[in-house]
Amino acid sequence: MKHQLPTSDQDFVESLIPQRFPFVMVHELTEYSENHLVSGFEIKDDNIFIQDGTFQASGLIEHQAQSVALHTGYKYYLLGKDAPTGYIGAIKSFEAESLPKTGDRLVSEVTILNEVMGVTLVDIVTKLNGGVIAKSQMKTAVK
């Protein structure tokens, strides 16, 4: 069955990334192109990155990295292949303007800047209620 976008089919979204519960930090795939992806994530109170009702910066970084993995996973899905396992190779920059709370819904936009020999350089912007709360630039590598 071919999945249409946007999708919040949790089983499908999770099939595109290597992480499994309780470490899944993406719930929705809204937009995809060769150099672009938009993901969504609703923060639940049982999330492992919640501390006193606040989603920690480490959770934001993991959400952003999983959004990149989602891009790779969906690309491989369209090619009819299993997605490779990926890793954060380097975080060039990360800025968090504010930290979201339980119940908040994050929207992250991934822009692929460069992809060479399995190493991808990306810009990621995470928004909450339309306002930017975090930005990063990272390199990811596939196994």
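Which residues have the most contacts inside the largest nonpolar core? Here are a few notes to go with the model, which is a predicted one.

1. **The main core.** Leu16, Leu29, Leu70, Val110, Val122, Ile124 and Met138 are the residues with the most contacts inside the largest nonpolar core, a set of 18 residues. At least two residues of this core come from each of α1 (10-15), α2, β6 and β7 (119-128). The element that gives the most is α2, with 5 residues. As general background, nonpolar side chains in soluble globular proteins tend to be buried together.

2. **Val122 and its neighbours.** This residue is worth a look in your viewer. Leaving aside residues up to four places away in sequence, Val122 touches Val68, Val110, Thr111, Ile112, Leu113, Ser136, Gln137 and Met138.

3. Another core lies apart from the largest one and has 11 residues. Phe49, Leu128, Ile133 and Ala134 are among them.

4. The largest cavity holds about 30 Å³ of space. Its lining is made up of Val68, His71, Thr72, Lys75, Ile112, Glu115 and Thr120. Two or more residues of that lining come from each of α2 (57-78) and β6 (105-116).

5. With 4 residues, α2 gives the most to the lining of the largest cavity. By type, the lining residues are 2 nonpolar, 3 polar and 2 charged.

Key: Residues numbered from 1 in each chain as written. Predicted model: local features only at pLDDT ≥ 70, side-chain atom pairs only at ≥ 80, totals over all residues. Heavy atoms only, no water. 1 Å grid on protein atoms, 1.4 Å probe; cavity = no way out; pocket = protein on both sides within 12 Å on 5 of 7 lines; lining within 4 Å. Points joined across faces, edges and corners; volume = space filled by probe spheres on them. Nonpolar A, V, L, I, M, F, W, Y, C, P; charged D, E, K, R; others polar. Core = buried A, V, L, I, M, F, W, Y, C linked by side-chain atoms within 4.5 Å. Buried < 20%, exposed > 50% of the residue type's maximum accessible area, 1.4 Å probe, protein only. Contact = heavy atoms within 4.5 Å.
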